[in-house]
Amino acid sequence: MEQLPIVRPGERVVARSDGKGGLILGVEKIQGREFAASAELSGYVLDARLLLDVLGSLKAPGSWFQVWCKLMALQNANRADDKDRAVPRGFVKTNQRDLQARCSLSAASVNEASQFFAHIGWMRTAKRGMLQLNPWLTVAGTSGEQEKWQKLWNAAEGPACIIPHPDYPTEWRQEREAEKKATEAARRKEKVVTLRQRRPVRKASA
């Protein structure tokens with residue numbers, strides 16, 4: 001058996017296919033922070049390039065990208081303004097009307113984008129007017145801060161994170177449309193009972 005590679009601080013082990021069904025192990029320097037698709041990982045997990053690569057592959061409406069970018073921009077991770085921040089670092093203070101104004105989009109467009117990103121576990125509603133973006137995807141902080149945000153997400157039973165394939169937005173839209181049609185069809189099948197109108201009571205003549 002070959003000797004395993006020596007991993008030094010600031011390095012990681014990578015596995016690549018050899019094209020023959022086997023794996024080749026190697027060591028490379030860590031560039032930035034790792035992108036995590038698993039809630040079992042903790043610490044620094046942000047890799048903006050890979051996150052943008054995932055977003056760039058999605059065949060989704062441009063309005064969705066507008067909403068997501070605005071949410072990311074509102075998630076200020078700078079410690080310098082901790083005292084002036086309206087919500088804890090790692091969270092976003094906004095609502096549908098605010099996002100509409102910031103993105104210059106209709107209520108329907110903002111609502112659809114918000115529902116999609118909540119569905120794939122990239123954000124959740126912490127409370128009225130406050131969102132938490134998935135800390136495994138978006139927040140860069142110390143290891144202690146990162147673990148704190150992750151625990152808050154898990155304690156709130158935040159949705160499991162999905163890394164969607166390019167056609168998933170279309171599939172999601174089709175499923176929602178099918179559900180709406182099924183609901184409407186079921187509503188139409190409900191038996192409608194017509195109430196008989198009561199005849200006016202005539203007063204007896206004297």
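Threonine 125 stands opposite leucine 131 in strand 5. This pairing belongs to a predicted model, in which local features need pLDDT of at least 70, side-chain atom pairs count only at pLDDT 80 or more, and totals for chains, interfaces and linings use all residues. Residues are numbered from 1 along each chain as its sequence is written, and side-chain values use heavy atoms, with hydrogens and water left out.

**The hairpin and its sheet**

Strand 4 covers residues 123–127 and strand 5 covers residues 130–133. They run antiparallel, joined by four bridges. Two strands count as paired if DSSP finds at least two bridges between them. Strands themselves are DSSP runs of type E with at least two residues; helices are runs of H or I with at least four residues, and both are numbered from the N terminus. Strands of a sheet pair through backbone hydrogen bonds, either parallel or antiparallel.

| Residue | Opposite residue in strand 5 |
|---|---|
| Lysine 93 | Methionine 130 |
| Methionine 123 | Leucine 133 |
| Arginine 124 | Glutamine 132 |
| Threonine 125 | Leucine 131 |

Strands 4 and 5 make a hairpin with two residues between them. Glycine 129 sits in the turn, with a positive phi of about 80 degrees.

Strand 5 also pairs with strand 3, again antiparallel, over three bridges. Together the three strands form an open sheet in the order 3-5-4. Which strands are at the edges? They are strand 3 (91–93) and strand 4, each pairing on one side only. Neighbouring strands of this sheet are turned by 35 degrees against each other on average, direction ignored. Such angles use axes that are lines fitted to C-alpha atoms, for helices over the stretch in contact; angles run from 0 to 180 degrees between N-to-C directions.

Where do the side chains of strand 5 point? Met130 and Gln132 point one way, while Leu131 and Leu133 point the other way. All four are buried. Buried means under 20% relative accessible area, exposed means over 50%, and partly exposed lies in between (1.4 Å probe, protein chains only).

**The whole chain**

The chain holds six helices and five strands. From the N terminus, their order is β-β-α-α-β-α-α-β-β-α-α. Of its 206 residues, 30% count as buried. The accessible surface comes to about 14,500 Å², and 51% of this belongs to carbon and sulfur atoms. These areas come from the Shrake-Rupley method with a 1.4 Å probe; for residues, only the protein chains shown count as cover.

A contact means heavy atoms within 4.5 Å. Among contacts between residues at least 6 apart in sequence, 56% join residues at least 24 apart.

**Aromatic residues**

The structure holds eight aromatic pairs. Rings of Phe, Tyr and Trp (its six-membered ring) pair if their centres lie within 6.5 Å; planes under 30 degrees apart are stacked, over 60 edge-to-face, and the rest tilted. Phenylalanine 116 is buried, with a relative accessible area of 0%. Phenylalanine 117 is buried too, at 2%.

**Two residues with positive phi**

Serine 104 has a positive phi of about 55 degrees although it is not a glycine. Serine 104 lies in the loop between helix 3 (96–103) and helix 4. Is serine 104 buried or exposed? It counts as exposed, at 67% relative accessibility.

Glutamate 157 also has a positive phi, near 55 degrees, and is not a glycine. Its loop runs between helix 5 (143–155) and helix 6 (168–189). At 71% relative accessibility, glutamate 157 counts as exposed.

**Confidence**

pLDDT is the predictor's confidence in each residue, from 0 to 100. The chain averages 77, and 66% of the residues score at least 70. Among the elements, helix 4 (residues 107–119) has the highest mean pLDDT, 95. Strand 1 (residues 11–17) has the lowest, 68. Over residues 32–46, pLDDT stays under 50. For this stretch the model has 43 contacts beyond four places in sequence. Where pLDDT is low, the predicted coordinates should not be read in detail.
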